[in-house]
Amino acid sequence: MANDLRAALREFILTRLDPGLSADDLTDDTPLFGHHGVIESLAVLEVVEFLETHGGFRVKPHEIVEDHFGSVGRLVAYAQARSST
Amino acid sequence: MSLAERLAARVHSAPDAPALIDARPDGGQTWTAATLWARAGGAASWLAGQGIGPGDRVVLLLPSSPTFVALVWGAWRLGAVVVPVEPSSSPRERRFFAEHSGASLVVEVPPPLPERGQVPEVPAPDRALLLYTSGSTGDPKGVVLTHDNVLASVHDTIAWFGFDAATRLLCVLNPTHGHGLIVGLLAPLLAGGVVVLEERFHAFSVGRFWPVCAAHQVTCFSSVPSILRTLLRLTEGGDRPASVQFGLCASAPLSPGFQASFEQTFGVPLANNYGMTETATWVTRNGLDPDRRVGTVGRAQGCEVDILGPGPMGEVRVRGPQVSPGYHDNSEATARAFRDGWFHTGDLGQLDSDGFLALVGRAKEVISRGADKVYPVELEEVLLAHPAVVVAAAVAAPSKHYGEEPVAFVVLDGPATPKQLRAWCRERLTPFKVPRSVRIEQTLPRGRTGKLDKRALAARLADEP
């Protein structure tokens with residue numbers, strides 16, 4: 001499940017949010033948001049919608065933090081944790 | 001009276017009253033009015049040590065912080081001109097701002113400021129700010145604002161919204177814009193109220209918005225529609241603390257339907273306003289019920305606003321004490337926009353019988369991306385500087401989150417991919433100006449006179465899902 005989500009998330013980021021990266025450059029640890037992030041800050045709304053659609057859970061505002069949304073790896077871990085609760 | 005003298009009067013009347021709360025995640029300190037004045041003195045002392053004196057331009061490439069606030073007031077206590085610039089500007093843009101403004105000092109890293117310092121007596125200053133806006137003819141334009149311009153705008157905002165010592169305004173806007181600086185930072189401070197200073201609104205600050213309001217008993221906030229959209233989508237109506245009485249909004253269109261949804265969800269009335277850098281921000285304001293008209297940007301206050309045109313709809317023009325004397329070192333643009341005693345905004349509007357202004361479009365080409373303006377020509381010039389690009393056209397694409405976003409169409413005579421062209425733009429432009437996508441075409445549509453038909457390109461984007 002984690003690999004399916006990771007692949008879908010990577011495709012979403014690369015095609016929809018277009019961070020100007022090649023697939024090889026977008027790793028699990030690439031910073032997505034913030035000062036060194038590759039995605040525009042308010043595009044977080046699109047990531048939230050993606051997670052809610054694919055994960056079937058509602059993202060809470062206090063969960064939109066770097067620990068959960070900082071990178072692909074963190075997003076996948078967060079979505080897995082939320083889906084299992 | 002100068003801005004520093006006005007702040008001194010506020011400090012003198014209530015030195016121990018809180019003035020600035022640093023609500024950023026790594027903040028925590030509260031400055032009284034006396035502390036703010038002392039820190040401004042420390043900043044002035046540091047700036048003087050860098051050789052800064054009356055009339056010198058100081059470029060501040062810093063994010064919103066107490067140090068930024070101290071440097072702004074410190075520079076004004078020295079009679080210097082503040083040039084606040086977006087910290088995410090590209091190296092090329094940074095060079096332009098420094099050179100064009102004739103800066104004596106560029107501050108890119110928060111300096112270690114003394115807590116207080118001796119400030120020399122200076123002659124009454126004229127110019128307070130040089131604010132750069134995207135240019136409709138390529139390079140950004142530096143809007144000159146005098147102390148009188150800024151004070152006129154501040155006084156109108158204070159009077160209209162009733163700011164006083166009980167006001168606690170949450171500032172989440174970029175202080176390099178007039179909206180963030182003049183409405184968000186200066187008006188509450190000079191009203192005797194408190195600025196609750198947060199980081200510029202971003203992805204990870206969404207969840208902090210209402211809790212910060214609750215923690216610091218915020219009474220109002222200033223915003224742009226993209227912030228409101230994010231709050232409406234990601235936070236709950238019950239999150240809004242009772243202390244928040246109203247929200248201010250400007251810098252991009254606010255639809256009546258969206259405004260109603262926000263107000264119903266959070267129980268907070270929004271006042272939608274209109275202005276621009278050249279008028280030291282707002283020239284028309286909506287009040288709160290009953291003195292407002294949803295769907296308009298309010299009524300003129302402290303200045304004259306009229307419509308230039310044969311019919312009821314035409315170009316909006318403004319005159320009054322907050323109108324800038326013109327653009328720095330750009331007599332051509334100044335002559336075009338400031339003429340016959342009026343500032344010609346380039347916006348199309350219509351006044352109703354009660355004087356409420358409804359905006360209906362733009363006479364000038366501009367893309368409103370959230371709170372930021374992107375002039376297509378600036379983006380096109382960067383693309384045309386690429387060796388493979390022979391024709392470039394930037395137009396507005398509808399955006400769910402930002403209202404509009406720039407999209408570029410290009411014709412090539414050499415190898416280049418959309419990704420490479422976006423990277424080219426990213427190296428040369430502030431991130432918000434980088435096109436959402438670059439489309440490579442064999443040819444671009446032209447009108448009868450041979451001019452690029454951008455309406456046809458925009459229509460193609462509007463029809464896309």
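# Briefing: chains A and B

Of the 465 residues of chain B, 51% count as buried (20 or more other C-beta atoms within 10 Å of a residue's own; 12 or fewer is exposed, in between is partly exposed; C-beta atoms are placed from the backbone). This is a predicted model, in which local features need pLDDT of at least 70, side-chain atom pairs count only at pLDDT 80 or more, and totals for chains, interfaces and linings use all residues. Residues are numbered from 1 along each chain as its sequence is written, while chains are lettered from A and ligands numbered from 1 in the order in which they are written.

**Confidence**

- The model scores ipTM 0.82 and pTM 0.86.
- Chain B has a mean pLDDT of 92, and 98% of its residues reach 70 or more; pLDDT is the predictor's confidence in each residue, from 0 to 100.

**Chain B overall**

- Chain B holds 13 helices and 25 strands (DSSP runs numbered from the N terminus: helices are H or I, at least four residues; strands are E, at least two).
- The radius of gyration of chain B is 22 Å, close to the 23 Å that the globule rule gives for 465 residues, so chain B is as compact as a globular protein of that length. The radius is taken over C-alpha atoms, and the rule is 2.2 Å times the number of residues to the power 0.38.
- The C-alpha trace of chain B spans about 65 × 50 × 45 Å along its principal axes.
- Of the contacts in chain B with a separation of 6 or more, 69% are between residues 24 or more positions apart. Two residues are in contact if their C-beta atoms, placed from the backbone, lie within 7 Å.

**Cores**

- The largest nonpolar core has 127 residues (a set of buried Ala, Val, Leu, Ile, Met, Phe, Trp, Tyr and Cys residues joined through C-beta atoms within 7 Å).
- Val58(B), Leu60(B), Val82(B), Val150(B) and Val196(B) have the most contacts inside this core.
- Beyond its neighbours within four places in sequence, Val150(B) is in contact with residues including Leu3(B), Ala128(B), Ile182(B) and Ala280(B).
- A second, separate core has 25 residues, among them Tyr375(B), Ala396(B), Val410(B) and Leu421(B).

**Domains of chain B**

- Chain B divides into domain 1 (3-360) and domain 2 (367-463); the bounds come from an automatic or database domain assignment.
- The C-alpha centres of the two domains of chain B lie 30 Å apart.
- In chain B, 20 residues of domain 1 are in contact with 17 residues of domain 2.
- Helix 4 (91-101), strand 6 (127-135) and helix 8 (225-234) of chain B each supply at least two residues of the domain 1 side.
- That domain 1 side has four nonpolar, twelve polar and four charged residues. Ala, Val, Leu, Ile, Met, Phe, Trp, Tyr, Cys and Pro count as nonpolar, Asp, Glu, Lys and Arg as charged, and the others, Gly among them, as polar.

**Helix 8 of chain B**

- Seven of the ten residues of helix 8 of chain B are buried, including Pro225(B) and Arg229(B).
- The buried residues of this helix pack against helix 2 of chain A. Their partners in chain B include helix 9 (256-266) and strand 24 (403-412).

- Chain A has four helices and zero strands.
- Of the 85 residues of chain A, 28% count as buried.
- The contact takes 16 residues from chain A and 17 residues from chain B.
- Helix 2 of chain A gives the largest share of the chain A side, three residues.
- The chain A side divides into nine nonpolar, four polar and three charged residues.
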